[in-house]
Amino acid sequence: MDDLRQWPEPVVPVQSLSDGGLTSIPEKYVKPPSDRPSLEANLDRGLTMPVVDLRGIYDGSVDSRAAMVAIWDACKEWGFFQVINHGVRPDLVEEMKGVWREFFRRPLDEKQRYANSPATYEGYGSRVGVEKGAVLDWGDYYFLHLLPLSIKSHDRHWPARPSTLRKVTEEYGGEVFKLCGVLLRVLSMGLGLDEEYFRRAFGGDGTASCVRVNLYPKCPQPELTLGLSPHSDPGGLTVLLADDHVEGLQVRKDGAWLTVRPVPGAFIVNVADQIEVISNGIYKSVDHRVIANSKDERLSIAFFYNPEGDVAIGPAPELLTPQLPPLYPCITFNEYRMYVRKRGLSGKSQMKSLKLY
């Protein structure tokens with residue numbers, strides 16, 4: 001489908017379905033039996049996602065080397081890790097959660113003034129991908145561009161209420177952007193590259209960021225659907241502020257789905273596709289998904305640190321040898337993002353389909 005100006009079918013916010021007191025979910029949310037969480041082996045096998053204390057990296061202490069090694073290992077083996085002492089103020093984190101919870105409690109007609117389209121996803125939405133008749137996920141979201149300024153969300157995309165939402169979101173985005181800069185320098189060094197390599201590869205001052213606030217309403221039949229289908233993130237680095245009280249994120253590890261248990265005060269960080277490409281597969285972007293919940297709604301906030309849209313991304317030449325040729329072709333982030341957008345969420349299939357061998 002080349003026309004991305006509108007969704008192929010009317011969009012119904014999932015929150016409105018949940019609040020309506022449904023006892024069963026509509027058919028278009030029912031996943032095929034093979035994709036339902038109740039029929040898969042959701043085994044944790046005693047595994048625990050790595051948790052990295054960034055204090056040593058920030059203050060230059062003797063602990064900094066251990067923290068960097070832990071990040072490098074996590075990106076190679078998991079594609080995910082949690083960070084504590086990350087430098088973002090706890091009060092700002094709480095404000096961010098508060099203003100967006102308040103927005104999602106606003107009346108439906110007010111929220112729908114900001115309804116989005118598949119052209120940019122900016123605004124209030126409930127689906128990803130433009131395939132007609134696709135099985136949908138049990139979740140709503142709000143998406144905003146933050147950087148660069150040339151593509152920053154227009155005033156009409158920012159909710160008017162709560163009145164502090166824009167100020168809080170921009171401040172939060174600025175602080176998490178700084179955190180991503182620190183993490184990118186660490187990732188560059190872990191490949192034996194100079195610490196600014198990833199930032200330059202992403203376009204330098206043109207590096208982009210955006211935020212997606214996710215609301216997963218209560219679901220009467222969570223065993224039949226998903227809050228968000230399996231996928232790897234298309235961009236560079238993702239920093240997730242997870243719900244403190246309701247688990248939902250699952251990461252595929254060694255063929256099984258591991259339910260992530262967020263550490264209080266931590267962010268969950270994951271490698272996205274462009275970092276896997278630049279590292280030529282050394283760092284891994286990994287399948288993850290969100291399960292639904294029958295008892296509680298869940299709010300999470302994903303911050304995406306992405307390459308500039310028209311910069312070609314390919315494996316770092318410094319990492320290539322005759323024995324280790326490039327796994328991926330060069331492609332701009334805009335081209336890759338459009339490729340993903342038209343196909344919808346489908347695990348790691350986008351990356352695999354682009355592999356050179």
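UniProt positions are given here in the numbering used for this structure, feature names are shortened, and annotations may be inferred rather than shown by experiment. With that understood, UniProt lists residues 207-307 for "domain: Fe2OG dioxygenase", in an unreviewed entry.

The structure is a predicted model, in which local features need pLDDT of at least 70, side-chain atom pairs count only at pLDDT 80 or more, and totals for chains, interfaces and linings use all residues. Residues are numbered from 1 along each chain as its sequence is written, and side-chain values use heavy atoms, with hydrogens and water left out.

## The annotated region and the sheet

Over residues 207-307 the chain is 6% helix and 44% strand, and the end C-alpha atoms are 5 Å apart. Helices (H or I, at least four residues) and strands (E, at least two) are DSSP runs, numbered from the N terminus.

Eight strands form an open sheet with mixed pairing, in the order β1-β2-β10-β7-β12-β5-β4-β3. Two strands are taken to pair if DSSP finds at least two bridges between them. Strands of a sheet pair through backbone hydrogen bonds, either parallel or antiparallel. The edges of this sheet are β1 (51-53) and β3, each with a single partner strand, so one side of each is left without a neighbour in the sheet. On average, neighbouring strands are turned by 25° against each other, direction ignored; the angles are taken between axes, which are lines fitted to C-alpha atoms (for helices over the stretch in contact), and run from 0 to 180 degrees between N-to-C directions.

Strand β12 covers residues 298-306, and nine of its nine residues are buried, so the strand is largely enclosed by the rest of the structure. Buried means under 20% relative accessible area, exposed over 50%, and partly exposed in between (1.4 Å probe, protein chains only). In a regular strand the side chains alternate between the two faces of the sheet. Both faces of β12 are covered: one carries the buried residues Arg298, Ser300, Ala302, Phe304 and Asn306, and the other carries Leu299, Ile301, Phe303 and Tyr305, also buried.

Strand β5 (residues 208-216) runs antiparallel to β12 and is joined to it by nine bridges; here Leu215 stands opposite Leu299. Strand β7 (residues 237-241) is also antiparallel to β12, with five bridges, and Leu241 stands opposite Ile301. Further along the sheet, seven bridges join β4 (residues 140-147) to β5, again antiparallel. In that pairing Tyr142 has Val213 as its bridge partner in β5.

Helix α4 lies across β3, β4, β5, β7, β10 (267-271) and β12, and runs at about 130° to β4. Contact means heavy atoms within 4.5 Å.

The whole structure holds 14 aromatic pairs. Rings of Phe, Tyr and Trp (its six-membered ring) pair if their centres lie within 6.5 Å; planes under 30 degrees apart count as stacked, over 60 as edge-to-face and the rest as tilted. One of these pairs is Phe103 with Tyr124, which is edge-to-face at 6.1 Å centre to centre and 80° between the planes. Phe103 belongs to helix α4 (residues 90-104) and Tyr124 to strand β3 (residues 123-125), so the pair ties together parts that are 21 residues apart in sequence. Phe103 is buried, with 0% relative accessibility, and Tyr124 is buried at 4%.

Two rings have a charged end over them, where NZ of Lys or CZ of Arg must be within 6 Å of the ring centre and within 35 degrees of the ring normal.

| Charged residue | Ring | Distance to ring centre |
|---|---|---|
| Arg212 | Tyr141 | 4.1 Å |
| Lys253 | Trp78 | 4.9 Å |

## Backbone features in the loops

A cis peptide bond joins Leu147 and Pro148, with omega about -5°. Pro148 lies in the loop between β4 and α6 (165-190). The peptide bond from Arg161 to Pro162 is also cis, with omega near 0°, and Pro162 lies in the loop between β4 and α6.

Asn85, a residue other than glycine, has a positive phi near 50°. This residue is in the loop between β2 (80-84) and α4, and Asn85 is partly exposed at a relative accessible area of 32%. Tyr121 has a positive phi near 70° and is found in the loop between α5 (108-111) and β3. With 11% relative accessibility, Tyr121 counts as buried.
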